[in-house]
Amino acid sequence: MSAARDAQAPEAIIVGAGPAGMAAASILAEAGAAVLLLDENPAPGGQIWRGVDAATAVHRSRLGADYAAGRRATRRLAASGARHLPGTTVWQLSPLVTGAEIGWTDGQRARLATVPVVILATGAQERPFPIAGWTLPGVMSVGGAQTLLKSSSLAAEGAVFAGTGPLLYLVVAQYLAAGVPVAAVLETTAPGALGRAAWSAPAALRRPALLAKGLQWIAAIRRAGVRHIRGVRGLRVLGETAATGIAWRMGDGRWREIATEHVFLHQGVVPSVNLSMAAGLAHRWCPQQLAWVPRTDAWGQTGSPGLFVAGDGAGIAGWQAAEARGAVAAQAALVRLGRLSPVQARLRAAPDRRRIAAEGRLRPFLDAWFRPAEAFRVPEDPETVVCRCEEITAGALRAAIAQGLAGPNQLKSFTRAGMGPCQARSCALTLHETIAHQTGRPAGQIEPLRFRPPVKPLSISELADMTFDDGAGHG
């Protein structure tokens, strides 16, 4: 990277260094644009490729070919000239007529910059899985367990994995490949789900390699002799001060249990939309993915000029589609910056559009097959904690809704649910669906929770030391 490029004020800021963000940053920088890539993690890769540059060849092999593919993306990013700022947290985004104003902190001081182009590549987060005992020490998400395995080669022996979705089986298979014993897999996929997904099977069968991966993971679980229990209708973590086991209920109504100190929960991923919602961008409820997604055009452009959303943050589609979406958004951004003509952008985006279409053939099948059951999205037990930060229970929420509250914003005011440090990342969807379930209204007709800056916590000292930054480190 040249000193001249480093000294330039950024023309484009990308938020998130996963597959979409790295692809967008690389393409923009290779075209000569001054690019700033902001990411909370210490190294690029996102969740899918976390720690890939530091991983040994053996470790990458155990985690699979999809993980190893991240080396190509990180090498391209390093050679592109894009400026990557790790360990930064974006806390504010405001659309402008000329682009956007964006605020971030590096843990020491806050900064603000105005740029013509911002691409949000914030990726996905795991769907909340509120069951009795899910806040106990020893319980974490499957994604969290995978993060420890990828970044630190840490794994818990004798853990129980519970839930549904491709990531559940992938991480169990990765644990087994690393030689870590797994006590059991408790599958909450609804009975008959595969049959209900049959309508989308013909399109899915056009992606046999992706289907084969899932079958290989399940086969690895079977070969290892891991206890695999299907048709689970209820779950609760056992223990007073820490997890000591997990109990499950089958269709016959009886509860069984198994002792363990580690429980990993998962029921799919959803777009991470706190930042895009706080920016005031339009969103729609996606009934297939049971989540809010930003409204964008085929280029990832939102209703605010110069503000794009790419990758799984625009709707869950997998890392290959996310990478292609980042590339498509970058072509449109180059047009906005005057570095590419619309005709050139269409030609350059064509291969990525084909890739997006190909990856999209499998998604309806997966969404239908692994649709999480309502009993696990809307907790039945009134003592189950829904908002972890404020310790608000399902019973307290239902009592407040019964008073006639119209939506999650009123529920937040009455109960403080969603007011904690996580800014409702762990409970927003549960709040929303609890209202829909109790009032009998479609989820898409209930207003979403309003998010306001700071979207993520920052200290008073950081705010007091805030500078209007040109992106090159000059206040």
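Which residues are linked with Arg72 in a network of salt bridges? I looked this up before anything else. Glu323 and Arg355 join Arg72 in that network. I note here that the model is predicted.

**Entry: salt bridges**

I asked for the total next. How many salt bridges does the count come to? The count comes to 15. As background, side chains of opposite charge can pair when their charged atoms come close. I then picked out some pairs.

I took Arg76 and Glu30. Their side chains meet in a salt bridge, at 2.8 Å from N to O. Arg76 belongs to helix H5 (residues 70-80) and Glu30 to helix H2 (residues 19-30), so this pair ties together parts that are 46 residues apart in sequence. I checked how open each one is. Arg76 has a relative accessible area of 37%, so I put it down as partly exposed. Glu30 is partly exposed too, at 43% relative accessibility.

I went on to Glu390. Which residue forms a salt bridge with Glu390? The partner is Arg416, and the closest N and O atoms are 3.2 Å apart. Here both residues sit in loops: Glu390 between E21 and strand E22 (392-393), Arg416 between helix H17 (408-415) and helix H18 (428-439). The pair therefore ties together parts that are 26 residues apart in sequence. I find Glu390 partly exposed, with a relative accessible area of 25%. Arg416 is partly exposed as well, with 42%.

I also looked at Glu447 and Arg450. Their side chains meet in a salt bridge at 3.6 Å, N to O. Glu447 is partly exposed, with a relative accessible area of 33%. For Arg450 I noted 43%, again partly exposed.

**Entry: cysteines**

The structure holds zero. The cut-off I need here is 2.5 Å between the sulfur atoms. I repeated the search from the other side. For Cys427, the closest cysteine sulfur is in Cys387, at 4.2 Å.

Are these cysteines buried or exposed? Cys387 has a relative accessible area of 2%, so it is buried. Cys427 is buried also, with 1%.

**Entry: a charged patch**

I turned to the surface. Which residues gather in a patch of negative charge? They are Glu374, Glu380, Asp381 and Glu383. I followed up on Glu380. Its place is in the loop between helix H15 (374-377) and strand E21 (385-387). Glu380 has 52% relative accessibility, so it counts as exposed. The cut-off for exposed is over 50%.

Where is Leu154 found? I located Leu154 in the loop between helix H6 (142-152) and strand E10 (159-164). Leu154 counts as partly exposed, because its relative accessibility is 48%.

**Entry: looking back**

Glu380 is part of the negative patch, while Glu390 pairs with Arg416 in a salt bridge.

Definitions and conventions
Residues are numbered from 1 along each chain as its sequence is written. This is a predicted model: local features need pLDDT of at least 70, side-chain atom pairs count only at pLDDT 80 or more; totals for chains, interfaces and linings use all residues. Side-chain values use heavy atoms; hydrogens and water are left out. Helices (H or I, at least four residues) and strands (E, at least two) are DSSP runs, numbered from the N terminus. Buried means under 20% relative accessible area, exposed over 50%, partly exposed in between (1.4 Å probe, protein chains only). Patches are made of residues with over 30% relative accessible area and no salt bridge: like charges are joined within 9 Å, nonpolar side chains (Val, Leu, Ile, Met, Phe, Trp, Tyr) within 5 Å. Accessible areas come from the Shrake-Rupley method with a 1.4 Å probe; for residues, only the protein chains shown count as cover. A salt bridge is a side-chain nitrogen of Lys or Arg within 4 Å of a carboxyl oxygen of Asp or Glu. Lys and Arg count as positive and Asp and Glu as negative; His and the chain ends are not counted. The place of a charge is taken as NZ of Lys, CZ of Arg, CG of Asp or CD of Glu.
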